[in-house]
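Reader: Please take one part of this model and go through it closely, with the geometry stated. I would like the aromatic rings and what surrounds them.

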Amino acid sequence: MLFIPLPFAVALLLLILFVTVLRRDEEATPNRPFLALILLAALQSVLSGLRWGYGVQTVGMVAPVIAALVPPLAYAGVSRLVRTSRRPLPVRIALHALPAVVILLLTAFWRDAIDIALVLVFVGYALAILLLMRPGADALRLAPFEGAVPAYRAIIFTAAALCLSAAVDTFVFLDLTSAHSERALTLISIGNLSVLAILGIAAAAASRSRAPAETVETALRPETSEDKETIAAVDVLMETRKLYRDANLNLDRLARKAGIPARQISAAINRAMDKNVSQYVNDYRIAEACRLLAATEKPVTEVMFEVGFQTKSNFNREFRRVTDMTPVAWRQRKG
């Protein structure tokens with residue numbers, strides 16, 4: 001039976017993903033909610049295999065509670081890239097543990113309501129994540145600029161995956177109640193794979209990537225005199241202090257250096273330049289990279305690190321966006 005090993009295979013892949021992310025971030029501050037999310041999903045997948053593959057029905061008491069912790073951890077991981085919470089840590093833990101507590105109470109007193117409650121939890125947290133992302137990629141104030149676009153796209157896809165998981169739970173519930181439960185195993189298999197997708201994207205969101213084009217609503221607003229003054233102040237910092245060379249530069253840090261609110265910087269660059277702050281900073285990085293490639297014999301990798309990039313994929317992608325060619329082709333053409 002092909003279904004039986006699938007949850008365990010998913011769990012193994014999740015553990016491999018956990019080790020990969022942990023090693024990748026060993027020199028930086030790890031995004032602990034995302035790491036916990038990966039481990040939790042691996043455990044959930046094992047429990048699913050025990051229940052549906054081997055008929056161990058007792059795990060059904062634990063699995064819903066564990067499932068209720070997945071969306072809060074996804075939200076907590078995203079919020080660490082968006083903002084620092086002013087609430088004390090115990091308060092935040094209590095708030096995010098509330099869904100699991102509710103599911104635990106339902107398990108004891110009203111089991112028929114568990115499936116509906118889980119759907120509401122998944123959809124509710126998906127909407128909460130989308131609300132955090134309303135400003136676009138510039139919402140990721142605490143994420144390095146190099147990591148803005150893939151992170152933004154990954155987070156949006158994560159919210160969609162949470163909704164997909166809720167939809168699978170709904171179909172399973174309807175299938176079981178309609179006395180055609182033979183389809184439930186297939187639906188649960190899809191659910192396990194969707195969890196893997198959620199966690200893969202969540203881990204990607206914790207990594208350093210870049211940001212998408214700004215929303216139409218922001219771009220259509222007219223430029224103001226305050227926007228020009230804001231951009232001029234940031235330009236001075238970029239040109240005199242070379243802030244773009246800082247690989248860990250993010251919107252929050254840039255705002256502190258400039259003494260200007262992060263939202264004001266983001267809005268000014270969006271309106272006046274029709275790009276987000278990540279692209280604005282990367283434009284400076286690529287401009288210096290072009291100069292170094294043309295005027296020096298430094299290897300491309302050394303140039304990449306010197307101007308503030310940390311990965312070849314992001315460097316090559318941004319280089320193509322600005323120049324329509326690769327760094328090697330640029331050097332050959334200018335040579």
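Author: A charge is taken to sit over a ring if NZ of Lys or CZ of Arg is within 6 Å of the ring centre and within 35 degrees of the ring normal. Arg285 meets this rule in the model, which is predicted: its charged end sits over the ring of Phe309, 5.5 Å from the centre of that ring. Phe309 also belongs to a cluster, in which ring pairs link it with Phe315, Phe319 and Trp330.

The setting is a chain of 15 helices and zero strands. Of its 335 residues, 48% are buried. Among contacts with a separation of 6 or more, 73% are between residues 24 or more positions apart.

The count of aromatic pairs comes to six. One of them joins Tyr244 and Tyr284, whose ring centres are 5.7 Å apart and whose planes stand at 20 degrees; planes under 30 degrees apart count as stacked, so this pair is stacked. The two residues come from distant parts of the chain, 40 residues apart: Tyr244 is in the loop between helix H9 (225-241) and helix H10 (251-258), while Tyr284 is in helix H12 (residues 277-295). Tyr244 has a relative accessibility of 4% and therefore counts as buried. Tyr284 is buried too, with a relative accessible area of 18%; the cut-off for buried is under 20%.

Tyr284 has a further ring partner in Tyr280. Here the centres lie 5.4 Å apart and the planes are at 80 degrees, so the pair is edge-to-face. Tyr280 is at 2% relative accessibility, so it counts as buried. Tyr284 thus takes part in a stacked pair with Tyr244 and in an edge-to-face pair with Tyr280.

The loop that holds Tyr244 also holds Lys242. Phi of Lys242 is near 50 degrees, a positive value in a residue other than glycine. With a relative accessibility of 32%, Lys242 counts as partly exposed, whereas Tyr244 is buried. Asp324 is another residue other than glycine with a positive phi, near 65 degrees. Asp324 lies in the loop between helix H14 (312-323) and helix H15 (327-334). At 68% relative accessibility, Asp324 is exposed.

The axes of helix H3 (residues 63-82) and helix H5 (residues 114-132) come within 10 Å and cross at roughly 5 degrees. Angles under 35 degrees count as roughly parallel, so H3 is roughly parallel to H5. On the H3 side the contact residues include Tyr75, along with Pro64, Pro71 and Pro72; on the H5 side they include Phe122 and Tyr125. The residues of this contact divide into 18 nonpolar, one polar and no charged.

Technical notes
Residues are numbered from 1 along each chain as its sequence is written. This is a predicted model: local features need pLDDT of at least 70, side-chain atom pairs count only at pLDDT 80 or more; totals for chains, interfaces and linings use all residues. Side-chain values use heavy atoms; hydrogens and water are left out. Axes are lines fitted to C-alpha atoms, for helices over the stretch in contact, and angles run from 0 to 180 degrees between N-to-C directions. Helices (H or I, at least four residues) and strands (E, at least two) are DSSP runs, numbered from the N terminus. Angles under 35 degrees count as roughly parallel, over 145 as roughly antiparallel, 65 to 115 as roughly perpendicular and the rest as oblique. Contact means heavy atoms within 4.5 Å. Ala, Val, Leu, Ile, Met, Phe, Trp, Tyr, Cys and Pro count as nonpolar, Asp, Glu, Lys and Arg as charged, and the others, Gly among them, as polar. Rings of Phe, Tyr and Trp (its six-membered ring) pair if their centres lie within 6.5 Å; planes under 30 degrees apart count as stacked, over 60 as edge-to-face and the rest as tilted. Buried means under 20% relative accessible area, exposed over 50%, partly exposed in between (1.4 Å probe, protein chains only).
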